[in-house]
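The following note sets out points for a colleague who is reading this model alongside its sequence.

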Amino acid sequence: KQEVTQIPAALSVPEGENLVLNCSFTDSAIYNLQWFRQDPGKGLTSLLLIQSSQREQTSGRLNASLDKSSGRSTLYIAASQPGDSATYLCAVGFSGSARQLTFGSGTQLTVLP
Amino acid sequence: SAVISQKPSRDICQRGTSLTIQCQVDSQVTMMFWYRQQPGQSLTLIATANQGSEATYESGFVIDKFPISRPNLTFSTLTVSNMSPEDSSIYLCSVIGRQAKNIQYFGAGTRLSVL
């Protein structure tokens, strides 16, 4: 069974700190991996997408890495701000699954001012 | 990116009734999906909406309970039939656009409460 796991489930950090969110998946045969942000009561906002042929993607203060061989991805957030507080979801597109996504359970991030 | 409009944004329904959720995209898309997010949990795929044919359902979801239509490349509906309190969830529509990269975009979701 293809599964996606995110650790930790919740994280609280002081403003300005750099942090890393972790995502692991059970099957290395993937075609892409996408990180999303979800604010309370809202839909999902796409942050970064990494194709299976790539090792990392960057957007502003965010950097996502992908290591297929170990089944891991990380989302690095630099100089965190209170506005970064949200739930961060990792979603994997496994090969042969018609481009649907399998989601992790998310990491709830709180950045304290 | 694709702009997705989902209606209604929220509803409170009585047990035994049905609710139809609409998903409208501002451009033609290749694929449309429907997900469910139960309280405190992550997203689970319900089905892939196929244009002009029956949707493809995931294990645990059936057409009689969640009928889906997709009459064209920009519009889809999901009906939650014969609702029970266990159906209380957020239902989200997502799409993959025709541009490259396979980025999946999500609507704001429909928050459903069943009494």
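1. Strands, and helices likewise, are taken here as DSSP runs numbered from the N terminus: a strand is a run of E of at least two residues, a helice a run of H or I of at least four. With that in place, Pro8(B) is found in the loop between strand E1 (4-7) and strand E2 (10-13) of chain B. The peptide bond that leads from Lys7(B) into Pro8(B) is cis, with omega near -10°.

2. This is a predicted model, in which local features need pLDDT of at least 70 and side-chain atom pairs count only at pLDDT 80 or more, whereas totals for chains, interfaces and linings use all residues. Residues are numbered from 1 along each chain as its sequence is written, chains are lettered from A and ligands numbered from 1 in the order in which they are written, and side-chain values use heavy atoms, with hydrogens and water left out.

3. Chain A also has a cis peptide bond, from Ile7(A) to Pro8(A), with omega near 0°. Pro8(A) lies in the loop between E1 and strand E2 (10-14) of chain A. As background, most residues other than glycine have a negative phi, and most peptide bonds are trans.

4. In chain A, 5 strands make up an open sheet with antiparallel pairing, in the order E1-E3-E8-E7-E6. Two strands are said to pair if DSSP finds at least two bridges between them. Strand E1 (4-7) and strand E6 (56-59) of chain A are the edge strands, each pairing on one side only. The twist from one strand to the next averages 15°, where axes are lines fitted to C-alpha atoms (for helices over the stretch in contact) and angles run from 0 to 180 degrees between N-to-C directions. E6(A) pairs with strand E7 (residues 62-67) of chain A in the antiparallel sense over 4 bridges, and Ser59(A) stands opposite Leu62(A) in E7(A).

5. Chain B has an open sheet of 4 strands, ordered E1-E3-E8-E7, and the pairing is antiparallel. Its edge strands are E1 and strand E7 (68-72) of chain B. E1(B) and strand E3 (residues 19-25) of chain B are joined in the antiparallel sense by 4 bridges.

6. How many residues does each chain bring to the contact? Chain B contributes 20 residues and chain A 19, contact meaning heavy atoms within 4.5 Å. Together the chains bury about 1,500 Å², 50% of it on carbon and sulfur atoms; buried area is the accessible area (1.4 Å probe) that two parts lose on being put together, summed over both. In chain B, Ser42(B), Asn102(B) and Phe106(B) lose the most area to chain A, together 27% of what that side buries.

7. Between chain B and chain A there are 0 salt bridges (a side-chain nitrogen of Lys or Arg within 4 Å of a carboxyl oxygen of Asp or Glu). Across this interface, 6 residue pairs are in polar contact, both residues at pLDDT 80 or more. A polar contact is a pair of N or O atoms within 3.5 Å; within protein, one must be able to donate a hydrogen and the other to accept it, and residues adjacent in sequence count only if both atoms are side-chain atoms. On the side of chain B that touches chain A, E4(B) gives the most, with 5 residues.
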